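Here is my note on the model, point by point. Please read it with the structure open.

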Amino acid sequence: MSTAASSPAASTGVLSQENAPQQQLGDPAPTAVLRESGQREVFCGLTSIVWLHRRMPDAFFLVVGSRTCAHLIQSAAGVMIFAEPRFGTAILGERDLAGLADANEELDRLVAQLLARRPEIRTLFLVGSCPSEVIKLDLAKAAERLNRAHAGRVMVLNYSGSGIETTFTQGEDGALQALIPLMPRVESGSETDQLLIVGTLADAVEDRLIALFHKLGIARVASLPPRRSTELPAVGPGTRLLLAQPYLSGTARALVDRGAALIRAPYPFGVEGSRAWMAAAATAFGVAPERVAEVLDPLVERGRRALAPQREVLAGKRLFLLPDSQLEIPLARFLSLECGMELVEVGTPYLDRQLMAEELALLPAGTQLSEGQHLDNQLARVRQAHPDLVLCGLGLANPLEAEGMATKWSIELVFSPIHGIDQAGDLAELFARPLRRHRAISFA
Ligand code: SF4
């Protein structure tokens with residue numbers, strides 16, 4: 001098995017033009033979406049361990065999987081073997097897969113060894129994979145059993161990163177949902193009002209954004225995931241949640257079920273998107289528009305100046321976004337509205353119309369959206385359109401480059417600090433660079 005996960009429904013792709021599902025209150029007008037199912041070319045949810053283990057250094061991610069899973073996670077994270085990484089793989093061997101060995105007993109033994117050797121681990125995530133699903137290893141029950149065995153020493157949680165169930169960024173959605181039941185409850189009351197930023201951000205970017213929220217007058221700002229897995233923020237009726245990442249549908253709904261209120265906003269990519277994101281939070285906390293302008297306008301001015309040289313490269317260029325990380329729609333909005341790019345097609349693995357409502361409303365009229373993937377059909381459309389730039393998964397970049405198209409790896413966007421007004425110039429530069437390189441190679 002390669003690092004690309006295949007859809008279980010891989011063999012029978014259908015291409016159908018359908019209208020959007022039932023419109024939600026407050027949603028923009030329905031947009032025609034090309035729905036596709038078939039062979040996919042995306043990383044599985046294990047990939048998100050790469051950024052989650054950096055975010056929470058007191059947590060450990062134990063993949064219960066095969067050697068393939070171990071290779072994926074090892075090569076994606078690039079951690080050297082002597083570096084005591086905070087993730088590992090409990091490898092299911094042939095005897096486990098054939099049902100000849102008791103995988104639960106082996107898992108218990110492995111976890112006991114791990115905890116004895118690594119006393120700093122406070123939260124242990126058992127991460128399911130395709131092989132653990134195939135042999136129906138019940139990791140929820142395993143987590144319960146291990147919690148009893150190691151009570152007071154470590155908290156054991158589980159979620160699935162399997163390529164059968166998840167793509168790429170959905171791994172973070174699963175990990176955060178596993179944390180939600182542990183979040184303390186708060187009751188309503190102004191003293192408990194807090195802003196909860198949801199989704200992993202680079203630490204420096206998060207510090208900067210929190211400082212800006214404080215400056216706007218929002219005193220209590222917390223984050224999920226927190227920097228220490230044991231310091232989970234409280235959640236309750238006074239909590240207003242602001243999504244920093246667009247792929248956290250399950251997490252957002254679970255937090256709303258715990259009493260939090262969702263702030264509806266575009267995502268914090270680009271100058272205008274980030275401003276709107278911060279302004280929406282300010283409005284939710286009753287901050288006056290004048291104060292918002294006073295704090296944010298100088299940043300907006302600076303951000304627009306930083307964007308200008310990149311816009312010269314990007315304006316008028318045709319962009320095709322293949323579905324991969326679920327960042328595609330907000331990025332398409334930024335690249336068209338702020339950088340002047342023309343959108344040929346905007347693909348996304350899943351379309352959550354409620355969480356994307358503000359983004360969809362900002363896309364140029366008539367933008368072609370596609371949800372899901374039928375790789376062959378999508379590549380045929382890419383070849384026919386021959387765009388200037390294709391945003392795609394790692395496995396597709398080289399073949400498309402060989403066919404004369406400039407590409408951008410979507411995984412790079414997940415690892416780069418791209419959120420906020422200050423990062424808008426760097427974000428645009430990530431798209432301008434492959435175009436410059438492509439032009440240089442073409443003229444060489
Ligand atoms: S979880 Fe599945 S898709 Fe991901 S590396 Fe393991 S076997 Fe491959």
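1. Helices (H or I, at least four residues) and strands (E, at least two) are DSSP runs, numbered from the N terminus. The model is a predicted one. With that numbering, Ser229 sits in the loop between β10 (221-224) and β11 (239-243).

2. Is Ser229 buried or exposed? Ser229 is buried, because 24 C-beta neighbours fall inside 10 Å and the cut-off for burial is 20 or more. Leaving out residues up to four places away in sequence, Ser229 touches Met56, Asp58, Ala59, Arg122 and Thr123. Take Ala59: 170 residues separate Ala59 from Ser229 in sequence, yet their C-alpha atoms are 6.3 Å apart.

3. Now the sheet. Four strands form an open sheet in the order β6-β5-β7-β8, and the pairing is parallel. Its edges are β6 (87-91) and β8 (155-160), each pairing on one side only. On average, neighbouring strands are turned by 25 degrees against each other, direction ignored.

4. Look at β5 (residues 59-65). Five bridges join β5 to β6, and the two run parallel. Gly65 stands opposite Ile91 in β6. Helix α2 (residues 67-77) packs on this sheet and touches β5 and β6. The direction of α2 makes about 165 degrees with that of β6.

5. Last, the core. The largest nonpolar core has 117 residues, and Phe125 and Val198 have the most contacts inside it. Strand β5 supplies the largest share of this core, six residues. Val198 touches Leu224, Leu241 and Leu255, among others, not counting residues up to four places away in sequence. In soluble globular proteins, nonpolar side chains tend to be buried together.

Terms used:
Residues numbered from 1 in each chain as written. Predicted model: local features only at pLDDT ≥ 70, side-chain atom pairs only at ≥ 80, totals over all residues. Pairing = 2+ DSSP bridges. Axes fitted to C-alpha atoms, helices over the stretch in contact; angles between N-to-C directions. Contact = placed C-beta atoms within 7 Å. Core = buried A, V, L, I, M, F, W, Y, C linked by C-beta atoms within 7 Å. Buried ≥ 20, exposed ≤ 12 C-beta atoms within 10 Å, placed from the backbone.
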